[in-house]
Amino acid sequence: ILKFCEGTAELSAAFKAVASVVGKHLDDETQQAFNSDKEKITHWVEQSAIHMTLKKLIQFDKQRAQPPYISQALIDEVEDEVLQGWISCNRGAFLLVNMLETEKDVIATALSERLEDYRKLIQKQKNKGADLLDAKLSNFK
């Protein structure tokens with residue numbers, strides 16, 4: 001439904017609802033439910049199925065002829081502290097890279113502006129996603 005809906009107020013509301021959930025801290029109970037021997041989850045985007053779903057939704061932005069975009073909803077709704085968490089985890093950083101790769105100037109500009117204050121944090125990270133994010137942001141300007 002989220003892939004094929006076009007330019008409706010309902011779609012915009014749905015994107016905002018998704019973004020408002022994943023853009024907030026994961027409560028302790030949900031963290032415990034997601035944690036396993038293989039994964040220690042502190043942010044929604046670290047859980048493999050949620051990461052894959054968000055990645056696909058972001059990739060659909062590239063195909064959309066017009067807004068609304070899930071990427072814009074994420075840029076608007078993700079709390080600053082959570083955004084820092086995304087930068088510090090590989091999956092989160094890769095989602096930010098996926099947003100830059102939508103080839104939508106409005107998304108790239110908004111994300112670049114949102115991440116401007118976090119460039120030093122991005123550069124300090126030791127994950128592939130953050131390295132690629134830093135390179136993409138450098139090439140964007």
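**Cysteines, a ring pair and a buried helix**

This structure has 0 disulfides. A disulfide is a covalent bond between the sulfur atoms of two cysteines. Here, a pair of cysteine sulfur atoms counts if they lie within 2.5 Å. The model is predicted: local features need pLDDT of at least 70, side-chain atom pairs count only at pLDDT 80 or more, and totals for chains, interfaces and linings use all residues. Residues are numbered from 1 along each chain as its sequence is written, and side-chain values use heavy atoms, with hydrogens and water left out.

Cys5 is partly exposed, at 27% relative accessible area. Cys89 is buried, at 8%. Buried means under 20% relative accessible area, exposed means over 50%, and partly exposed lies in between (1.4 Å probe, protein chains only).

Now turn to the aromatic rings. Rings of Phe, Tyr and Trp (its six-membered ring) pair if their centres lie within 6.5 Å; planes under 30 degrees apart are stacked, over 60 edge-to-face, and the rest tilted. The count is 1 aromatic pair. Phe34 belongs to helix H2 (residues 28-34), while Trp44 sits in the loop between H2 and helix H3 (48-63), 10 residues apart. Helices are DSSP runs (H or I, at least four residues), as are strands (E, at least two), numbered from the N terminus. Phe34 is partly exposed at 24%, and Trp44 is buried at 17%.

Finally, find helix H5 (residues 80-88). Its Val82, Leu83, Gly85, Trp86 and Ile87 are buried. What covers them? The cover includes helices H1 (9-22), H4 (70-77), H6 (90-100), H7 (105-115), H8 (119-124) and H9 (128-140).

Methods. Contact means heavy atoms within 4.5 Å.
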